[in-house]
Amino acid sequence: MKAVFKYIICCCSCLLASYYNSCAQSSGTYCSEAQKLISVLNKNHYSPLQFTSQTSNEIIEDLIEKLDPSGIYFTLRDIEKLKKFRTDLNLNSGSCELFSVVFSLYRNSLVRADSMVERIGKKQFAFNGRDTLIFSPKKNYKPFHSGSESDLEKRWLKWMKYQTLLSIFSDDEKNTDFEKNFSELMALEPEARKNITRKMKAGINRILHNPVGFENHVASVILNCIANRFDPHSVYFNENDMKIFESALSTSDESFGFYLETDDHGALKIARIIPGGSAWKSNELHKGDVLISIKKRSGEEIEIDDLAENEVEDILSTNTIREIELTVRKADEQVKHVTLVKEKIKSEENVVKSYILSGPKKIGYISLPSFYTDSENPNAPGCANDVAKEIMKLQQDSIEGLILDLRYNGGGSVREALDLAGIFIDEGPLFLQRLRDQKPTLLKDMNRGTAYSGPLAIMCNGYSASASELVTEALQDYNRAIIVGSTTYGKATGQIVLPLDSNINIYGFNADPGAFLKKDSSFVKVTVEKFYRVNGGTHQFKGVIPDIILPDLFFSEDFRESSSPWALKPDTIVKKVYYTPLKELPKKQLKEKSGERVASSKNFSRIKTMSDSLQLSFDKERRLPVTVANVKKDEQSYYHFLKALELAIIGESGYYTVKNNSHDNKVLIVDEYSRELNNELLEHLKNDIYIEESYRIITDLINFER
Amino acid sequence: MNPKLILNIAFTVIFSVTSYAQSSVEYLESITKEFETIAADNWDYTRAVAHGKSARKVENRRREVLKSTLEAKQRVSRMKPYSGDASLRDSVVSYLNLSYNILNHDYAKIMDMEEVAEQSYDLMEAYMLAQKIANEKMNKASLMIDDEQRKFAAKNNIKLIEGTTKTSEKLSKAAKVYDYYNGVYLIFFKPFKQDIYLVEAQNKNDMNAMKQNIESLSKISDEGLKRLDTLKAFGGDASLKQSCSEVLKFYKTASANKYPKVLDFYLQKEKFEKIKAAFDAKPQNKRTQQDVDEFNKAVKEYNAASNEYNAVNNELNNTRAALVDKWNKSASGFTDKHVPKGK
């Protein structure tokens with residue numbers, strides 16, 4: 001009877017856990033999952049991998065970094081326990097131990113860290129300068145690990161002291177002038193320490209009590225280290241990840257229009273913006289923005305420190321919350337407050353907007369944040385069709401030139417990229433696609449003719465990736481557009497999602513990835529193809545270099561594909577491609593004129609200086625003795641840096657005015673919500689110095705072509 | 001739609017010979033004879049196509065030409081080299097081989113179809129390009145035979161006299177008719193196909209594709225009309241040119257004035273749906289008089305746009321059908337009238 005009772009308990013707990021996901025599996029099951037993963041990857045990946053002792057070592061190194069990116073959980077002695085897997089992950093034999101060893105090691109380390117934080121948080125902090133924080137250079141960063149538990153505890157102490165001081169200083173609402181004296185600050189210490197302790201413990205507990213189960217979560221990290229070793233875009237999805245992935249594709253619910261994810265440091269980040277949603281329309285939120293706080297309309301703050309992403313999303317999905325103010329930190333460290341209203345998102349809604357910049361010339365402006373398709377009907381016209389519609393509206397307003405803004409556009413559908421480039425190119429091959437060991441195939445503009453044949457400028461930056469790079473380079477190769485901005489991300493690979501069914505081989509039949517999504521199994525997103533320019537080169541790893549480069553804070557390679565050690569390397573293909581470029585654009589002259597303006601621009605000069613100093617700080621080790629004065633000085637300079645940045649990127653020349661196209665104006669008369677958002681957007685477009693310089697460049701282009 | 005596109009007529013110069021050295025003459029004659037059988041079958045086939053015979057009959061005739069070409073090739077292949085010289089025999093074999101493959105539409109055997117596909121916009125353009133390359137190859141092969149015949153004759157002291165037969169004369173006339181017809185047909189076909197793409201895009205609500213196809217239709221129709229202007233009537237018959245010109249003028253007008261109205265309707269529709277959604281989302285008691293007035297105005301504009309859309313669509317469909325039908329009739333009439341009749 002006892003045995004039966006035990007069995008029932010086990011089943012019940014499994015059922016409860018399966019609310020989120022399946023129960024933790026045995027280490028053997030995970031090993032078999034790993035074997036299937038490697039098998040599917042090796043069968044289908046563009047560049048299969050021979051597993052050697054070096055590969056195993058690299059995967060273990062990556063795993064340690066992913067589980068403990070700041071070196072605050074593992075000691076060197078803990079890491080030593082993984083030594084035997086460095087020469088062989090040993091996934092094939094019946095005695096596969098990798099998963100069970102990592103689970104136990106990581107769990108113990110987290111529990112130990114939790115106790116350390118608890119202990120440390122109980123005593124008042126002395127900021128006497130005996131502790132020095134060392135910030136490692138970003139380039140080739142590897143976390144440092146303490147030799148012993150006592151050293152690790154000292155490390156935590158330093159870290160918590162620093163975080164406590166930061167929380168005292170960095171709340172800009174309380175302390176913009178940094179005028180508080182030592183005793184005033186010390187009065188804030190107990191509360192700040194308490195908050196930091198709670199925050200740190202919440203971060204640790206979020207890992208220990210991950211909604212999908214601790215072991216499933218850690219197994220996912222291990223399996224992802226294996227997948228990532230093939231290339232950074234090959235990713236393992238467990239059943240739960242897949243559900244999230246699928247639900248992210250659906251756009252029919254009422255929501256604020258964004259999804260969250262937790263990064264390796266426990267911070268909540270924007271994982272995805274839903275086209276047409278409130279977040280999308282705001283034009284202020286982007287993937288990767290770090291969530292700082294959420295306020296309800298009443299001003300009441302929603303406590304998010306201890307919550308996982310799905311818990312925050314659950315709270316936001318309750319009917320009582322209709323309007324929120326999000327505070328986020330952008331990739332460039334700016335802090336933004338964005339108001340969002342919950343609404344039903346319709347996939348068929350036109351989510352691209354166009355504007356008219358009126359100055360010496362009447363220029364159309366369209367921003368496209370991703371290459372989306374209709375998730376419910378992938379064959380229906382997608383974003384390219386929406387852009388074409390906006391162009392038609394702008395043409396009714398007789399524009400003389402067009403700016404297409406692909407900054408921060410992380411890519412999406414390749415078919416949409418073809419259709420978008422096709423808007424501007426009559427006919428011909430746009431780029432080449434190559435599957436492993438196969439002859440390259442030309443991808444052509446499938447619509448003869450152009451929807452817009454006037455002067456065109458494309459804006460891009462280091463966050464323009466994949467499909468946006470394909471469009472940018474195709475238009476560059478055809479001399480169709482002047483490309484303005486900074487070097488793009490450098491991803492010229494394509495992925496498909498396959499189930500971990502080792503019999504599947506995309507080279508054996510015409511794979512329809514959509515058909516696989518219904519299967520009940522884990523999945524892997526596999527890099528199966530590379531893309532090349534019509535001249536045989538590729539932007540893989542290197543990015544597309546604009547015709548006119550503008551100073552940018554994040555021009556550094558540290559943020560690009562090339563920063564990943566396992567990124568596929570660039571190569572070239574030799575193939576005769578028949579295409580007819582248009583006549584050369586006056587790039588040299590445009591570059592000279594822009595160069596003169598940029599050199600005399602206070603905004604760009606500031607950005608250039610700040611960019612140089614930022615790069616220097618990335619490249620150099622920095623030491624900070626943890627005293628009130630030091631951290632205050634450090635925070636003060638950081639605060640001023642951000643303020644200066646805010647000033648630097650906002651232009652006020654008033655060189656042009658911004659308005660909606662006549663078509664949208666009629667809609668705005670009756671749509672109050674859109675009208676409010678629209679006013680903010682118009683202001684933003686007016687003050688963006690990159691848009692302004694692009695406007696001046698396209699004006700020059702029109703004048704040259706006359 | 002008339003399925004006739006381009007007819008490949010295997011056509012070589014027929015020589016007759018007066019001879020001094022008997023065996024070499026026999027050798028040459030046995031080769032030339034092979035062409036006479038093929039020419040006769042070719043003529044039957046050409047007549048069937050030109051005079052509106054049933055598809056089954058046309059296909060039977062084509063198979064006969066294929067059969068006679070294959071048999072001729074086999075017979076010539078079995079011939080021994082003359083005095084150790086196989087160049088004439090081999091040039092004839094390769095010509096017949098080429099002729100067979102072209103008539104059989106087996107282009108992959110004579111050119112790199114992948115490259116043809118890559119150079120072309122769509123399958124139809126690839127087919128046209130393949131036909132063009134095939135014709136060039138046929139002409140080249142024909143010249144080669146001619147050259148080999150002359151060399152053979154010179155080497156073996158044979159005097160060649162250029163001559164014609166009734167069949168070759170008819171084939172020659174038919175070739176001229178089809179040259180002209182094919183030229184006009186291509187001018188017609190390109191915008192015709194472009195218009196089909198446009199209608200397909202309209203059915204998919206793909207405004208991007210519609211917009212591009214409209215621009216392209218206008219450009220191609222213009223180019224076609226300019227080329228028609230430089231084309232003379234065929235032996236005083238301007239009917240084919242005229243009906244082609246009418247279709248192209250329709251495409252030009254449609255792309256300039258009619259299709260843009262269709263596009264505009266889609267924009268109007270989208271605008272109306274947005275206005276309606278915003279209006280419906282507002283509770284009735286919060287709607288202002290201005291909201292109601294704006295909405296009513298939008299309804300009125302949308303209804304007017306719908307009516308115009310329907311009228312334009314009907315007009316496009318009816319005019320297109322009538323003009324294409326007229327073109328088909330004049331195309332059939334043209335070949336029937338100008339390609340000689342009888343055996």
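Colleague: How many residues of chain A are in contact with chain B?

Modeller: Contact means that heavy atoms lie within 4.5 Å. By that rule, 37 residues of chain A touch 36 residues of chain B. This is a predicted model, in which local features need pLDDT of at least 70 and side-chain atom pairs count only at pLDDT 80 or more, while totals for chains, interfaces and linings use all residues. Residues are numbered from 1 along each chain as its sequence is written, chains are lettered from A and ligands numbered from 1 in the order in which they are written, and side-chain values use heavy atoms, with hydrogens and water left out.

Colleague: What area do chain A and chain B bury between them?

Modeller: Buried area is the accessible area (1.4 Å probe) that two parts lose on being put together, summed over both. Here the two chains bury about 3300 Å², 50% of it on carbon and sulfur atoms. On the side of chain A, the residues that lose the most area to chain B are A:R448, A:Y578 and A:V670, together 24% of what that side buries.

Colleague: How many salt bridges does the rule find across the interface?

Modeller: The rule asks for a side-chain nitrogen of Lys or Arg within 4 Å of a carboxyl oxygen of Asp or Glu. It finds three between chain A and chain B. A:K389 forms a salt bridge with B:E270, with 2.9 Å between the closest N and O atoms.

Colleague: Which helix of chain A supplies the largest share of the side that touches chain B?

Modeller: Helices (H or I, at least four residues) and strands (E, at least two) are DSSP runs, numbered from the N terminus. Helix 13 of chain A gives the largest share, eight residues.

Colleague: What does the side chain of A:D289 make a polar contact with?

Modeller: A polar contact is a pair of N or O atoms within 3.5 Å; within protein, one must be able to donate a hydrogen and the other to accept it, and residues adjacent in sequence count only if both atoms are side-chain atoms. The partner is the side chain of A:K330, at 2.6 Å. The side chain of A:D289 also reaches the backbone nitrogen of A:H286 at 2.7 Å.
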